[in-house]
Amino acid sequence: MKTNHLRKVFTFIAASCICFGVAAQSSTVFTLDSCRAMALSNNKDLMISRQRIKTARYQKKEAFAAYLPAIDFTGSYMYNQKEIAILGEDALLPVKTFDPAKGTYEFNIAKNPLTGEPIKSPDGQYVPDQVALLPKESLTYDIHNIFFGAVTLTQPVYMGGKIVAMNKITGYAEKLAEAMHNSEAENVIYAVDAAYWQVVSLKAKHELATSYVELLDSLSYSVTRLVENGIATRSDQLAVAVKLNSARVDLTKVENGLVLSRMALAQVCGLPLDSQMTLADEEVFENVSPSEIAPYDVNTAYEHRSDLQALELGIKIAGQTKNVARASMLPNLAVVGAYSFSNPNMFNGFQKKFNGAFSVGALLTIPIWHWGGNYNKYKAAESEETIMKLKLEDAKELVNLQVTQAGYRTRESLKTYQMTVSNLESAEENLRSANIGFKEGVLTSDDVMKAQTAWLKANSENVDAMIDVHLCNTYLQKVLGTLY
């Protein structure tokens with residue numbers, strides 16, 4: 001990415017120093033770079049994008065944790081109303097004795113002492129001669145309070161490539177967040193430049209309007225003297241007065257526009273609207289000459305444009321999403337280890353105390369049949385990857401068009417500025433000749449006003465052309481991706 005840590009630190013320090021200077025004094029001279037730095041530090045959208053970068057970094061760390069074994073503890077408690085009784089009543093168990101003649105154990109059957117025949121119960125079963133008593137209480141267990149706990153360790157071995165793909169996705173997502181931040185920063189810088197040069201333009205036009213009012217006021221004074229001497233007519237005096245009043249109204253409009261434009265610049269920079277901002281270029285506007293266009297190539301835009309980088313990252317993310325979908329069709333293998341304990345426990349009879357044991361195993365999952373659900377998920381991800389590739393191709397075509405248009409517009413603005421410089425020289429010479437002709441009585445006041453109007457128009461067009469060159473250069477840098 002173009003933005004590095006040192007640049008961010010420098011921007012933050014510069015903006016902090018500037019903001020401290022604003023608080024320390026009521027009026028500060030701001031350069032274009034300082035206005036950019038303040039806007040980059042104070043813009044809410046950029047603050048949000050910085051948080052999104054942090055979010056992406058945390059998600060990247062979260063995805064990396066899937067490589068490592070997971071250790072969990074589970075604990076539970078349960079209260080049962082009743083005890084468990086294995087027997088419903090005391091049990092009588094028949095007893096066998098060893099018969100040496102047969103070499104086997106035989107049940108002891110009760111026999112009739114008179115007949116010697118085995119005795120049967122009413123249900124037809126033989127009655128044992130001897131029985132063992134198994135009391136019900138011996139197989140009745142107290143389970144009113146049960147405690148259980150387990151510490152488990154799970155280590156993924158093979159997840160079908162899902163973990164690797166998720167780590168790549170989160171890595172690309174972090175770069176995508178940075179690319180979107182850079183794109184938003186370029187928009188902020190362009191907005192700052194537009195507001196900055198608007199203030200410079202209106203300040204120049206304010207001085208121009210003030211000079212125009214002074215010219216008309218001087219002309220009005222001269223015509224008034226001529227009327228008093230009977231050389232000029234009352235109509236000439238009224239025509240100049242109307243022109244002077246109109247110029248004063250225009251001056252008021254420019255003053256109001258200048259105040260509003262300063263407020264707009266303060267808002268973009270993140271300063272209070274009533275901040276007294278004096279711009280460095282407005283004091284030396286006549287020395288702010290546009291420069292020639294630096295050589296450029298559309299490949300520069302392909303390499304540096306943040307939106308194109310975002311689309312390229314989107315293609316990579318779509319490709320890894322496809323791998324995640326494919327992983328759902330592959331076997332998953334994990335090793336599991338656990339230590340489980342409970343109270344009561346059955347490890348050595350029924351005991352009402354804690355006891356536990358270790359266990360180790362493996363968990364294997366093999367998808368067999370899902371009615372094409374996983375396959376269709378994979379194909380959908382594949383289609384999304386194709387869509388992202390087509391979007392990138394379309395975006396490159398539009399970027400090529402943007403760069404071409406911006407280049408033409410910038411060259412056109414420079415030629416326009418050069419033309420306005422020539423027109424301004426002619427207008428100034430025309431105004432000088434008109435003033436001389438008026439003093440010598442060769443030209444009328446109307447001729448002088450026409451020359452003054454032409455001079456005002458030439459100066460205004462020169463200011464607009466100069467500002468347009470600066471904005472066109474800024475826009476060209478923006479479409480090339482080299483503005484931030």
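A charge sits over a ring if NZ of Lys or CZ of Arg is within 6 Å of the ring centre and within 35 degrees of the ring normal. Arg 409 lies over the face of Tyr 475, at 6.0 Å from the ring centre. Likewise, the charged end of Lys 396 is placed over the ring of Tyr 302, 5.5 Å from the centre of that ring.

The model is predicted, so local features need pLDDT of at least 70 and side-chain atom pairs count only at pLDDT 80 or more, while totals for chains, interfaces and linings use all residues. Residues are numbered from 1 along each chain as its sequence is written, and side-chain values use heavy atoms, with hydrogens and water left out.

I turn now to the aromatic rings. A pair of aromatic rings is described by the distance of the centres and the angle of the planes. Here, rings of Phe, Tyr and Trp (its six-membered ring) pair if their centres lie within 6.5 Å; planes under 30 degrees apart count as stacked, over 60 as edge-to-face and the rest as tilted. The structure contains 10 aromatic pairs. In one of them, Phe 64 and Tyr 67, the ring centres are 5.6 Å apart and the planes stand at 65°, so this pair is edge-to-face. Phe 64 is partly exposed at 47% relative accessible area, and Tyr 67 is also partly exposed, at 35%. For these labels, buried means under 20% relative accessible area, exposed over 50%, and partly exposed in between (1.4 Å probe, protein chains only).

How are the rings of Tyr 77 and Phe 147 arranged? Their centres are 4.9 Å apart and their planes meet at 45°, so the pair is tilted. Tyr 77 belongs to strand β2 (residues 70–79) and Phe 147 to strand β9 (residues 145–158), so the pair ties together parts that are 70 residues apart in sequence. As to the naming, helices (H or I, at least four residues) and strands (E, at least two) are DSSP runs, numbered from the N terminus. Tyr 77 is partly exposed, with a relative accessible area of 47%; Phe 147 is partly exposed at 33%. Ring pairs also join Tyr 77 and Phe 147 with Tyr 339, Phe 341, Phe 354 and Phe 358 in a cluster.

The next topic is charge pairing. Side chains of opposite charge can pair when their charged atoms come close. The structure has 15 salt bridges, each being a side-chain nitrogen of Lys or Arg within 4 Å of a carboxyl oxygen of Asp or Glu. Arg 262 and Glu 282 form one of these, with the closest N and O atoms 2.9 Å apart. Arg 262 is in helix α5 (residues 234–269) and Glu 282 in helix α6 (residues 280–283), so this bridge ties together parts that are 20 residues apart in sequence. Arg 262 is buried at 18% relative accessible area, and Glu 282 is buried at 4%.

Other bridges lie within a helix. Lys 203 and Glu 207 meet at 4.0 Å, N to O; both residues are in helix α4 (residues 162–228), four residues apart, about one turn of the helix. Lys 203 is buried, at 14%, whereas Glu 207 is partly exposed, at 41%. In helix α9, Glu 429 and Arg 432 are three residues apart, about one helical turn, and their closest N and O atoms are 2.6 Å apart in a salt bridge. Finally, a network of salt bridges links Arg 57, Lys 60, Glu 174 and Glu 178.

Which residues does Thr 420 contact, leaving aside neighbours within four places in sequence? They are Glu 461, Asn 462 and Ala 465, where contact means heavy atoms within 4.5 Å. Thr 420 lies in helix α9 and is buried, with a relative accessible area of 2%. The side chain of Thr 420 also reaches the backbone oxygen of Tyr 417 at 2.6 Å.

I close with two backbone features. The peptide bond from Asn 343 to Pro 344 is cis, with omega near 5°, and Pro 344 is placed in the loop between β11 (332–343) and β12 (355–365). Trp 371, in the loop between β12 and α9 (373–439), has phi near 60°, a positive value in a residue other than glycine. Trp 371 is exposed, with a relative accessible area of 74%.

Key: A polar contact is a pair of N or O atoms within 3.5 Å; within protein, one must be able to donate a hydrogen and the other to accept it, and residues adjacent in sequence count only if both atoms are side-chain atoms.
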